[in-house]
Every structure is written in C-alpha cells, then in structure tokens.
Amino acid sequence: MKKFNWLILINLLLVLGYFLYSIMEKEKLLTTGQLVLLELAPVDPRSLMQGDYMQLDYKIARDFSEDSVPKRGFLVVKLDQAGIASPVRIQTDGTPIHPGEQLIRYTAPEPWNINIGAESYFFQEGKAANYDSARYGGLRIDAKGNSLLVGLYDKERKLLK
C-alpha cells in the first residue's frame with residue numbers, strides 16, 4: 001500500500017508541475033507576445049450575445065476556400081501600421097515566414113470552420129452593452145503562433161472594458 005501512495009503522490013506532483021508550467025507560459029505570452037488585431041466578421045448582435053459571453057467570428061477565417069484548409073496549420077498574416085492583420089496564406093508548418101509576417105496557429109474541425117482558439121469572449125453578467133461596438137479581437141501572439149485573446153477593441157482600436 002505504501003508503494004501505491006508514493007505513486008499517487010508522484011503523479012499528483014507531475015500534474016501540478018505541468019499545470020504551473022502552462023500558467024507560466026500563458027503569463028509569458030501575455031507580457032511578451034505581439035498584439036494583433038483581427039477584424040470581427042459581421043454577426044447579428046441578437047444571436048451573438050448568449051448570457052455572459054460573446055461568440056467571436058473572425059473575418060480572416062472566412063477568407064479561405066473550403067478545399068484549401070488543412071486540419072491543422074498556421075495562418076500567415078501581415079500587420080498594417082495599426083496592428084490589424086490581413087491574411088497572406090495558410091501553411092502546415094511554422095517556417096518559413098517572410099519579414100513582416102506573423103503566424104497564428106489554428107485547427108479546422110470542419111473545412112468551413114477555422115478555429116484559432118479564441119472564439120469566445122467572457123465578460124461580467126449585465127455588461128453586454130459595453131461590447132456592442134466591438135470590431136476587433138485583440139490577441140497576443142508569440143513567434144510559434146500561439147495566441148491568447150486579451151480583449152475586444154472598437155473601430156478606433158481602443159480596448160473595450
């Protein structure tokens with residue numbers, strides 16, 4: 001029985017270690033990642049709000065035809081002076097990219113649905129009206145294409161709160 005207890009303790013420590021490592025990686029992405037703004041695709045606001053979150057649909061994800069999207073890969077984007085991303089191409093690996101391009105990792109569960117991992121934005125209940133003017137989703141992105149949604153922005157690229 002003693003051996004079994006040690007095995008449980010070791011597994012618990014490994015899971016906890018992985019969990020803490022994951023948190024540290026997200027914190028690093030928040031502080032060092034490049035801010036990229038993705039234009040939100042128009043959606044009927046009555047169906048967009050569902051309780052205390054907003055379902056996000058990015059215009060950039062609609063710019064590719066169904067037959068050209070692998071299940072996993074990278075959206076390669078170019079940023080304008082304001083940090084707004086425009087699509088360049090899709091590729092299956094993280095290299096090569098040209099100067100001025102940025103990678104965004106994605107999955108495509110269905111050919112018509114590109115998921116960059118930031119399709120919902122949660123906010124405090126009763127604050128839905130604060131986000132009606134959202135035009136951009138702001139993501140912090142690292143050099144490997146990992147992204148983290150940091151907020152929604154209006155047409156003047158100001159963070160909505």
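Arg157 lies in the segment after strand 10 (147–153); helices (H or I, at least four residues) and strands (E, at least two) are DSSP runs, numbered from the N terminus. The model is a predicted one, in which local features need pLDDT of at least 70 and side-chain atom pairs count only at pLDDT 80 or more, while totals for chains, interfaces and linings use all residues. Residues are numbered from 1 along each chain as its sequence is written, and side-chain values use heavy atoms, with hydrogens and water left out.

Arg157 has a positive phi, near 65°, and is not a glycine. With a relative accessible area of 40%, Arg157 is partly exposed, a class that lies between buried (under 20%) and exposed (over 50%), computed with a 1.4 Å probe and protein chains only. Most residues other than glycine have a negative phi, and most peptide bonds are trans.

## Overall layout

The protein chain contains 2 helices and 10 strands. Read from the N terminus, the order of elements is α-β-α-β-β-β-β-β-β-β-β-β. Along the principal axes, the C-alpha atoms of the protein chain occupy a box of roughly 60 × 45 × 30 Å. The protein chain has 161 residues, and 33% of them count as buried.

Leu79 belongs to strand 4 (residues 72–79) and is partly exposed, at 22% relative accessible area. Between Leu79 and Tyr153 there are 74 residues in sequence and 16 Å in space, C-alpha to C-alpha.

A nonpolar surface patch is formed by Trp6, Leu9, Ile10, Leu12, Leu13, Leu14, Leu16, Phe19, Leu20 and Ile23, which together have about 1000 Å² of accessible area. Residues in such a patch have over 30% relative accessible area and no salt bridge, and their nonpolar side chains (Val, Leu, Ile, Met, Phe, Trp, Tyr) are joined within 5 Å; areas are Shrake-Rupley values with a 1.4 Å probe. Leu14, one of the patch residues, sits in helix 1 and is exposed, with a relative accessible area of 58%.

## Largest pocket

The largest pocket has a volume of about 420 Å³ and is lined by 19 residues. A pocket is an open set of points on a 1 Å grid where a 1.4 Å probe fits, with protein on both sides within 12 Å along at least five of seven lines, and lining residues have an atom within 4 Å of a point; the volume is the space filled by probe spheres set on the points.

Glu25, Lys26, Leu29, Asp142 and Asn146 are the lining residues nearest the centre of the largest pocket. Helix 1 contributes the most, with 8 residues.

The structure has 1 salt bridge, defined as a side-chain nitrogen of Lys or Arg within 4 Å of a carboxyl oxygen of Asp or Glu. This bridge joins the side chains of Arg89 and Glu101, at 2.9 Å from N to O. Arg89 is in strand 5 (residues 85–91) and Glu101 in strand 6, so that the pair links distant parts of the chain, 12 residues apart. Arg89 is partly exposed, at 23% relative accessible area, whereas Glu101 is buried, at 11%.

The loop between strand 5 and strand 6 holds Pro96. Thr95 and Pro96 are joined by a cis peptide bond, with omega about -5°.

Note on methods
Patch = residues over 30% accessible without salt bridge, like charges linked within 9 Å, V, L, I, M, F, W, Y side chains within 5 Å.
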